[in-house]
Amino acid sequence: MKKALIIVLILSLFTKLSKAQNFTFGTATQQEMDMTKYAKDTSAHAVVLQEFGESKMNVSSDDYIKVFFTYHVKIKIFDNKGFDNGTVQIPVYNNSNTDLYEDVSNIKGITTYKDDNGLTRQIELEDKKIYPVKENKHWANYKFALPGLRNGCIVEYQYTIESPYWENFHSWQFQTDIPKISSEYDVHIPGFWNYNASIRGFLKLDKNTSEIEKECFSSGGAHCDCSFITYGMHNIPAFIEEDAMTAPKNYRSAINFELVDYMNPYTGAKVRYTKEWKDVDYQLKTDSYFGRQLKRESLLKDRIIPVIAGKTDDLSKAKAIYAYLQKWFKWNEYSGISCVDGLNKALDSHSGSVADINFSLINALKAAGLKADAVILSTRENGSINSLYPVIGDFNYVVAKVDIGTDSYFLDATDPLLPFGMLPLKCLNGQGRVMSLDKPSYFVDLITKQKQKSTYSMEFTLQEDGKLKGTIINYSIGYDAYLKRKAIKKFNSTDEYIEAINSRLPKLKILKSTINALDSLDQPVGEIYEVEISLYDKVSNGNFTFNPFFLNKITENPFKMTDRLYPVDWGMASDQRNILTIHLAKGYIVATPPQTLNVEMPNNGGRFLSTYDPLDNTFTFSNIIQFNKGIYSPDEYPYLKELYNKIIQTEKGEMVFKKK
Amino acid sequence: MRIFIVITCLLLFFKAADAQENYDASLISKELMPYATVVIRNSETTIEVKDLSNVNYHITKAITVLNKNGDDMARLIVEYDKITELKSIKGAIYNSFGKQISKFSKSDCEDYSNAHDFSLFEDARVKVYTPSVTEYPYTIVYDYEYRSKQTLDIDKWEPVEHTGIAVEKSSFTFICKPDFNINYKASNLAGKPLISTDTHGLKTYTWQLNNQKAAKHEPFSPYHDSFLPGVQIAPQNFTYYGINGTYNNWEDLGKWEYNNLIASRQNLDSETIQHIKEITKDIADPKQKAKKVYEYMQNKTHYISVQVGIGGIQPFLAADVDKQNYGDCKALVNYTQALLKAIDINSYYCIVQADNDYTIGLQNDFPSLNQGNHIILCIPFKNDTTWADCTSQTIPFGYLGSFTDDRNVLACTPEGGKLMHTPKYTLKDNVKRRKANFAIDNEGAISGNMTTVFKGVDYEYRDELINEPRTEQNKMLQKIYPINNLLIDKLDLQQDKSFNPSTTENITLHARDYASFSDGKYYFLLNPVNRIEETPKEVRNRINDVYIARGYTEEDEVTYTIPSGFRPEKEPLMVSIEKPFGKFTATMVLIGNQLTYKRKLQFIEGTYSKDTYQDLVDFYQAIVDADEYNVVLTKN
């Protein structure tokens, strides 16, 4: 009896100690109630007064060891534009295929407000107004709206998520779209488990302490100490998104955890999860949804015999296999680096995830005797990867790499319009990791030769009536060809596509048109139009003013802000050329030639070049807009903006044709 | 005996298999191919009312998908909820030759929540089957059944839901007992329904649509209901979530809704009633009293959509809103009504179809439940019927805007339903008037100030800017006004929330390089801030009338002070066009170093014949040309 009492006492002492970090639920100070603005950001519609989170590992009521994450926040809402902060969604992973699922408990909410008579009152969230929704087979959501919101109120809520997924140790978002006065995350990690913690974003921790908690974890007779680590920040500014940036989460301040290894508390066996790339390599190679799926050449062997029949060189074999599987599969929109349904089912149903499809491709290439590996990567939307040590959770996409001679090609068979060796824009996000089955994995740059490029060659004769007659030849090359094919395929037929361009440009009449290489993915798309353009309604005193940039004229600068915090990320370099040749009607001369200009960004970052070559009663006017990089740092931003400014300035200029 | 049954079943099965159509894609008539992305080969919809709380829906459909763009339309989507029970789903996929390549059933479907994005909670779910075929054309054939426990809201038959769909054969059969009376309305369908009695003595109504060509998108089309075929059915006797009713007209339906959904939901506690009396006691004018109450409600509540209870059409209790401070449109109107009742102001709960692009009214000639998606409030002051939307924290009392203007609504009152019409904003009301004084200096920089007044439906145009931080406002203004290098020195936004509301924007700005110089010439865009840059696309063989939902007037006057000693090199801008649907004038005058630009654009609301469309495109083209007029000035 005495013993039990002591244990209880110690335990309660402990809980008291650790609770001391959290703040008491349902209290709002007079000062907090009286706040009308947040002094450090007077434009904020709401501010987090205090935010506290805690993760620990414990044995749950169903006897599993789970991660318990408790979240508690108190938010001051200044005006109705901040009311969104009173509506809460708690998403939980809920895999119906297994009995492992995350659960939410202890949801509590309270609003403190001043009533019509200026008295401070509180209203609690009712349990029956918490709505659990099963969104789909993987996710459920707990949703609620806090009651009693008014301008100036304080909302407070807390909840606990129990998760059986040790590898998904809860991350912590210090920075969100409203400012925070104080944010703290406490983690208690029993010695049986090892995690890597990584911090993202530009902000620094104001508090980072760690201590040992004795005997804090026990299960089935096994027990151990815990590391108790506290991460804290004060006065966190709101995160503001910018145009043409990659995933905001690359820049938002947050802390993430990656499971390294753990010791099974019951057996004492050590299980390595991730530590160094060699561990990841081993783990993925033996994973039944990754490495094992990459050794299934036999599944594809028979299928590809007719595909590569008669092909002698490796490149044409690879191209044939790629084209065959592009056609075979329809991507079911699932991403991820592991198979979802497995190759068998995917092949049978013609449908699969990114991994299902690209693993099939790798197997098929290998079955044809080629050297092919999987490359795991993180898409632009998913954010950048940790380059210091492996964080496998960062990766969400997998493509194939095939080596032919001295060349390597990246392949993604999920999109039937991608040419051999081209990755979709979403994949161009720094580096990918080549997961070779027979040698250590390594990083590789994903952006190599890919570019988007288009050329317009126009040759017109200027008629007496002011009409231009002639041809426009447009070649879309590289990634532009891919985009062009996508645009054309949006129509039921090329006729409908041409009708659509024609009807969008009322001044341009297409007399004849040809589209070349629409289905030859390796080639540029060529569009050849015989046109008549009515640029003038009337011709007055024999003078024409004419803007030589009438096609593809840029009038608005995409960059408007004076300066920028984050890089401009277009993914790849681009190049656009226009060559305009005009034969003047008899008796006409060029009275005012077009402006010519050559501006370059520092370090060959990009340029705008225009040249004018007159010859008898013909002239050629060419211009080039080049951006040689996919990513521009904030330092380069002013040059980028200025280049656009110069382009717009120049393109305003008009030529004048005069009758002799 | 058992064997006999099995054999009969088998025979039936074979018969069914025999009866199977030939889905060879090459059999589709060439006539149906233009603009078609999918072709509905055959579609049969059968609704059988077995009794008031048991309606069986049976749908079979065969869709040939001609190319990748049709995949979305081939997807099978079946909705269900608490009172709609899915009975079966089965289907098969055929290749272009009509050979079956796979089959599917209910267990192959994904199951999702079907709540609207704007809702916190709705009891709506959906089963979805997405075919996965990479060779086109292919055909998906499916057959599903569900049972609904209500007879108030019968699904509308819409054989063509979208552009790009051609129909070979489609039919709709409604089956009921001979004494079960319905009202129905068929739109854009040739011929009358076939009404007959089947072998079980049940009454059947059948409509058909055959060989319908695919429609293409035509800009400025009227609301699709007015040109797409469809059949609506409204039973005269019904049961809905266990409540019975009868209706033959809007009056009956409005009365049923008032009595069953609203009447008992408006009680408030005495403290709230007292408070409302208190805050209005010094106001004499009833309209000003109502305004006070409305503003009280606006300040206290916000919009949260939770759809539970009777089919999502019954409001929360007013007392609940009073406590929670939130609700959806129903709940907030019901609550406002309760507050008004506390000071003896009578008001109506009105059902409306809210839509910014089309003014779709409830149909005069066909009363039914599902014609509205929103609730607004009407206060019938003597000779001054006032309207209010209760879901916004900011709009003025008495203001509806483009969301619910100029359309039929159903007022649900204790005396019965009444069709009423919301106020219309004409081209004289919807006004955007701008005056700017700019100076352009020797370097080409522009600076000056600009005042814009927004009225009518335009009143709301700056709502997203109000109360935003200055940095955000600047970013938004840089997007609204296409002046490169634009910097805002000062911004002042005022909203007049009177019964004739207006928004006034005052901006002081500057921007470098607005004008560019070369060869002693000076170039700049005459219209700095209000340009139309694209014309609507041309349409060959247009089918639909031209519809302009709302008239409006834009007036801009910009005075530039330019460096002296320049003269215009080309003819000054001078455009004046007048058409039945609109007027446009744009002029430029240079006197000394003062260049004055005036632009006026008016659109006149209405429906115009389809032949007008080319005129409209030309009209837009003339505006685009005028708006991109480049001033070229040469040194004297």
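The model is predicted, so to speak of local features requires a pLDDT of at least 70, side-chain atom pairs count only at pLDDT 80 or more, and totals for chains, interfaces and linings use all residues. Residues are numbered from 1 along each chain as its sequence is written, while chains are lettered from A and ligands numbered from 1 in the order in which they are written.

**Chain B as a whole**

- Chain B holds nine helices and 38 strands; helices (H or I, at least four residues) and strands (E, at least two) are DSSP runs, numbered from the N terminus.
- Taken along the principal axes, the C-alpha atoms of chain B fill a box of roughly 110 × 70 × 40 Å.
- Of the 636 residues in chain B, 37% count as buried. A residue is buried if 20 or more other C-beta atoms lie within 10 Å of its own, exposed if 12 or fewer, and partly exposed in between, with C-beta atoms placed from the backbone.
- Among contacts in chain B with a separation of 6 or more, 73% come from residues 24 or more positions apart. Here, two residues are in contact if their C-beta atoms, placed from the backbone, lie within 7 Å.

**Domains of chain B**

- Chain B has domain 1 (23–221), domain 2 (247–421) and domain 3 (431–635); such bounds come from an automatic or database domain assignment.
- The C-alpha centres of domain 1 and domain 2 of chain B are 36 Å apart.
- Their contact takes 10 residues from domain 1 of chain B and nine residues from domain 2 of chain B.
- On the domain 1 side of this contact in chain B, S7 and strand S11 (182–187) each supply at least two residues, and the largest share, four residues, comes from S7(B).
- That side of domain 1 of chain B divides into four nonpolar, two polar and four charged residues. Ala, Val, Leu, Ile, Met, Phe, Trp, Tyr, Cys and Pro count as nonpolar, Asp, Glu, Lys and Arg as charged, and the others, Gly among them, as polar.

**Domains of chain A**

- Chain A is divided into domain 1 (44–272), domain 2 (277–445) and domain 3 (451–659).
- In chain A, the C-alpha centres of domain 1 and domain 2 lie 35 Å apart.
- Eight residues of domain 1 of chain A are in contact with 11 residues of domain 2 of chain A; the domain 1 side consists of one nonpolar, four polar and three charged residues.

**An eight-stranded sheet in chain B**

- This open sheet has mixed pairing and the strand order S27-S28-S26-S25-S32-S36-S35-S34 (chain B). Two strands pair if DSSP finds at least two bridges between them.
- Strand S27 (486–496) and strand S34 (574–579) of chain B stand at the edges with a single partner strand each, so one side of each is left without a neighbour in the sheet.
- From one strand to the next, the twist averages 10°. Axes are lines fitted to C-alpha atoms, for helices over the stretch in contact, and angles run from 0 to 180 degrees between N-to-C directions.
- S34(B) and strand S35 (residues 582–591) of chain B run antiparallel and are joined by six bridges; B:Ser576 stands opposite B:Thr585 in S35(B).
- H9(B) packs on the sheet and touches S34, S35 and strand S36 (594–603) of chain B, its direction making about 160° with that of S34(B).

**A three-stranded sheet in chain A**

- Another open sheet, with antiparallel pairing, has the order S27-S35-S30 (chain A).
- Its edges are strand S27 (544–546) and strand S30 (588–592) of chain A, each with a single partner strand, so one side of each lacks a neighbour in the sheet.
- The twist averages 30° from one strand to the next.
- Three bridges join S27(A) to strand S35 (residues 655–659) of chain A, where A:Val656 is the bridge partner of A:Thr545.

**Helix H7 of chain B**

- H7 (residues 329–342) of chain B has 14 residues and reaches 20 Å from its first C-alpha to its last, close to the 20 Å expected at 1.5 Å a residue; the expected span is 1.5 Å times one less than the number of residues.
- H7(B) is mostly covered, with 13 of its 14 residues buried.
- After H7(B) comes B:Asp344, whose phi is positive, near 60°.

**Where the chains meet**

- Chain B puts 48 residues in contact with 50 residues of chain A.
- S6(B) gives the largest share of the chain B side, four residues.
- The chain B side divides into 15 nonpolar, 20 polar and 13 charged residues.
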